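Subject: Structure handover

Hello,

Please find the structure below, followed by notes on what was found in it. The notes begin with ring pairs and then turn to charges, domains and the contact between the chains.

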Amino acid sequence: MIYINLILAYLKIGLFGFGGGYAMLSLIQHETVEVIHHGESAPWLTLQEFTDIVAISQMSPGPIGINSATYIGYKVTGSVLGSALATISVCLPSFILVLLIGTFLLKNRENKYIQNVFKAIRPVVVGMVASAALLLMNKENFPDYTKSIAICVIAFLLVRYAKLHPILIVILSGIAGYILY
Amino acid sequence: MNREIYKLFSTFFKIGAFTFGGGWAMIAMMEKDIVNKHKWFSHEEFVDNLAIAQSMPGILAVNMSVLVGNKIAKKTGATFAALGTILPSFIIILAIAMFFVTIYDNPTVESIFKGIRPAVVALIIAPVLTTAKAAKIGIKNVWVPIATALLITFVGISPIAFIAAAIIYGVSKCYIDNKNLKA
């Protein structure tokens with residue numbers, strides 16, 4: 001059952017994951033941290049585990065959508081098969097869509113309906129990324145209201161204004177955690 | 001194996017293995033290899049196909065490799081190009097996952113992750129601002145992302161509902177506009 005749930009969850013994530021990796025995080029979070037899947041007793045991950053997986057994905061090569069699918073697939077089932085099924089499932093919907101309607105879209109990019117749909121999706125995607133951030137702002141990730149908030153603010157300033165690479169941010173904050181906690 | 005197929009697979013495998021920083025970093029690498037080195041796409045074709053890959057759901061880098069593979073060798077090309085993009089992260093992450101479950105409870109690892117977690121939140125706040133700018137969010141439509149974020153976060157509605165609503169709104173608005181034009 002867990003395999004079927006995993007496949008269905010990642011097909012959904014792959015099919016509705018518009019707007020890139022960070023927007024997809026909101027879907028992944030919903031399926032793995034919030035929903036209790038059919039025939040199961042608890043969500044697959046705690047919020048802490050989810051946050052850690054995002055951190056690990058940031059530090060490994062490749063797209064975050066694949067990285068998280070591979071990791072969560074393994075974590076949830078404890079098997080390579082689960083990992084492979086989640087990874088294939090997240091890629092399959094867009095693989096089929098791109099082959100089927102990619103050329104059509106390329107020829108009809110000026111079509112009003114298509115343009116209107118993309119125009120309507122864009123602001124929703126912004127909200128999805130924001131919700132991914134909001135959902136992670138809780139006691140599990142900010143156990144104290146001092147050091148953890150300081151790390152978050154400094155990391156934000158470094159990535160936004162000093163344009164530091166996300167990998168460097170993860171490494172620096174890891175060192176900060178080692179020293180502070 | 002066909003030479004072209006092998007070239008597709010190895011090119012995308014290399015990009016998948018050595019690009020840190022997610023989809024957009026991979027696109028920059030792809031442009032170098034696809035346009036400059038192998039000349040599979042002209043620069044203009046690359047930009048057009050990127051727009052398509054971006055507008056599709058799913059993983060940008062995979063979508064892009066499917067478009068390139070499909071042009072060079074149809075469905076077989078698309079499959080091998082996609083596999084090339086996926087396999088490196090799959091192998092690396094699987095190894096990390098297997099190793100990580102054994103050290104997760106270590107107190108040193110826990111204190112390192114205590115520092116990393118708030119920084120991850122910051123890493124997700126930053127793209128909210130950049131995507132808001134790209135989506136041309138202004139006073140008139142700022143309620144859409146705010147309502148979406150609040151309803152997903154605090155009411156627990158699935159993000160899928162909002163994507164579906166946006167698609168329905170986009171199509172029906174266009175339909176009504178067309179009707180009014182004709183009337």
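**Aromatic pairs**

Over all chains, the rule counts 4 aromatic pairs. Rings of Phe, Tyr and Trp (its six-membered ring) pair if their centres lie within 6.5 Å; planes under 30 degrees apart count as stacked, over 60 as edge-to-face and the rest as tilted. The pair of Phe9(B) and Phe80(B) is edge-to-face, because the ring centres are 6.5 Å apart and the planes stand at 80 degrees. This pair links distant parts of the chain, with Phe9(B) in helix α1 (residues 3-18) of chain B and Phe80(B) in helix α4 (residues 60-103) of chain B, 71 residues apart. Helices (H or I, at least four residues) and strands (E, at least two) are DSSP runs, numbered from the N terminus.

**Basis of the values**

This is a predicted model, in which local features need pLDDT of at least 70 and side-chain atom pairs count only at pLDDT 80 or more, while totals for chains, interfaces and linings use all residues. Residues are numbered from 1 along each chain as its sequence is written, chains are lettered from A and ligands numbered from 1 in the order in which they are written, and side-chain values use heavy atoms, with hydrogens and water left out.

**Salt bridges**

Side chains of opposite charge can pair when their charged atoms come close. The rule used here asks for a side-chain nitrogen of Lys or Arg within 4 Å of a carboxyl oxygen of Asp or Glu, and over all chains the count comes to 8 salt bridges. One of them joins Glu31(A) and Lys12(A), at 3.4 Å from N to O. That pair also links distant parts of the chain: Glu31(A) belongs to helix α2 of chain A and Lys12(A) to helix α1 of chain A, 19 residues apart.

**Chain A and its domains**

Chain A has 8 helices and 0 strands. Its C-alpha atoms fill a box of roughly 55 × 40 × 25 Å along the principal axes. Chain A is divided into domain 1 (2-138) and domain 2 (142-181); the bounds come from an automatic or database domain assignment. Taken over C-alpha atoms, the centres of these two domains of chain A are 25 Å apart.

Contact (heavy atoms within 4.5 Å) involves 6 residues of domain 1 of chain A and 5 residues of domain 2 of chain A. The two domains of chain A bury about 450 Å² between them, 73% of it on carbon and sulfur atoms. Buried area is the accessible area (1.4 Å probe) that two parts lose on being put together, summed over both. On the domain 1 side of chain A, Gln58(A), Met59(A) and Asn138(A) lose the most area to domain 2 of chain A, together 78% of what that side buries. Helix α3 (residues 47-59) of chain A gives the most to that side, with 3 residues. By residue class, the domain 1 side of chain A divides into 4 nonpolar, 2 polar and no charged. Here Ala, Val, Leu, Ile, Met, Phe, Trp, Tyr, Cys and Pro count as nonpolar, Asp, Glu, Lys and Arg as charged, and the others, Gly among them, as polar.

**Chain B and its domains**

For chain B the domain assignment gives domain 1 (3-103) and domain 2 (107-182). The centres of these domains of chain B, over C-alpha atoms, are separated by 26 Å.

**Between the chains**

The area buried between chain A and chain B is about 8,100 Å², with 80% from carbon and sulfur atoms. The count between the two chains is 1 salt bridge. Asp52(A) forms a salt bridge with Arg117(B), with the closest N and O atoms 2.7 Å apart.

Ala132(B) lies in helix α5 (residues 107-134) of chain B. Not counting residues up to four places away in sequence, Ala132(B) touches Val126(A) and Ile137(B).

Regards
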